[in-house]
Amino acid sequence: MNEPGSDLVIAAGPGLRRGLVIPAGELVERFSRSSGPGGQGVNTTDSRVELVFDPETSTALTPAQRERLVTALDGRLVAGRLTIVASEQRSQLRNRAAARERLVDLLRDGLAPPPPARRATKPTRGSQRRRIEGKKRRSEVKSGRGRIRPD
């Protein structure tokens with residue numbers, strides 16, 4: 001579905017009624033040598049992938065989506081760009097796919113509408129009574145810990 005090097009397709013879901021297609025030209029991939037497993041091949045292959053996406057200049061997003069995404073990903077953006085690094089796999093192709101999947105997850109979470117506001121409810125009479133009784137019991141326990149005074 002999301003082949004590395006092609007347009008990034010995000011299926012419809014919360015916040016994305018008709019889905020989303022990010023053109024391949026808006027995604028920048030950089031490759032470098034990865035640390036970790038791979039034996040001697042790790043020294044010669046560029047399997048680490050950095051996927052960079054700039055939501056502020058993306059033509060795939062509406063202004064409302066852009067604003068929601070920038071607000072949601074504010075802590076992850078560096079100079080307005082979202083960078084995802086994948087180096088878990090030994091294969092560059094699998095790391096590219098993993099980075100794209102992570103980007104899809106981040107975009108889906110960032111574009112999802114906020115949950116409805118909490119509606120305050122009034123405590124029931126029974127819960128208020130139990131709370132007060134518990135406080136009284138605790139007060140009696142603590143008052144029994146003081147000095148014993150001869151009457």
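Predicted model: local features only at pLDDT ≥ 70, side-chain atom pairs only at ≥ 80, totals over all residues.
## Exercise 1

Step 1. Begin at S3. This strand runs antiparallel to S4, and six bridges join the two. Within this pair, Phe-31 lies opposite Val-49 of S4.

Step 2. Continue from S4 to S6, an antiparallel pair with five bridges. Glu-50 is placed opposite Val-85 in S6, and Phe-53 has Leu-82 of S6 as its bridge partner.

Step 3. Finish with S5 and strand S6 (residues 81–86), which pair in the antiparallel sense over two bridges. Here Leu-77 is bridged to Leu-82 in S6, while Val-78 is opposite Arg-81 in S6.

Step 4. Examine the connection between these last two strands. S5 and S6 form a hairpin with two residues between them. In the turn, Ala-79 has a positive phi of about 55°.

## Exercise 2

*Solution.* Step 1. Recall that side chains in a regular strand alternate between the two faces of the sheet.

## Exercise 3

Identify the elements that build the largest nonpolar core, and find which of them supplies the largest share.

*Solution.* Step 1. The largest nonpolar core comprises 22 residues. Ile-22, Phe-53, Leu-103 and Leu-107 have the most contacts inside it.

Step 1. Two or more residues of this core come from each of strand S1 (8–10), strand S2 (20–22), S4, S6 and H2.

Step 2. H2 supplies the largest share of the core, six residues.

Step 3. Take Leu-107 as an example. Apart from neighbours within four places in sequence, Leu-107 contacts Leu-8, Ile-10, Ile-22, Phe-53 and Leu-69.

## Exercise 4

Classify the orientation of H1 relative to H2, and describe the contact between these helices.

*Solution.* Step 1. Helix H1 (residues 63–72) packs against H2 at an angle of about 105°, and their axes are 8 Å apart.

Step 1. Angles of 65 to 115 degrees count as roughly perpendicular; H1 is therefore roughly perpendicular to H2.

Step 2. List the residues that meet. H1 contributes Gln-65, Arg-68, Leu-69 and Ala-72, and H2 contributes Leu-107, Gly-110 and Leu-111.

Step 3. Sort them by class: the contact has four nonpolar, two polar and one charged residues.

Definitions and conventions:
Residues numbered from 1 in each chain as written. Heavy atoms only, no water. Pairing = 2+ DSSP bridges. Helix = DSSP H or I, 4+ residues; strand = E, 2+ residues; numbered from the N terminus. Core = buried A, V, L, I, M, F, W, Y, C linked by side-chain atoms within 4.5 Å. Buried < 20%, exposed > 50% of the residue type's maximum accessible area, 1.4 Å probe, protein only. Contact = heavy atoms within 4.5 Å. Axes fitted to C-alpha atoms, helices over the stretch in contact; angles between N-to-C directions. Parallel < 35°, antiparallel > 145°, perpendicular 65-115°, else oblique. Nonpolar A, V, L, I, M, F, W, Y, C, P; charged D, E, K, R; others polar.
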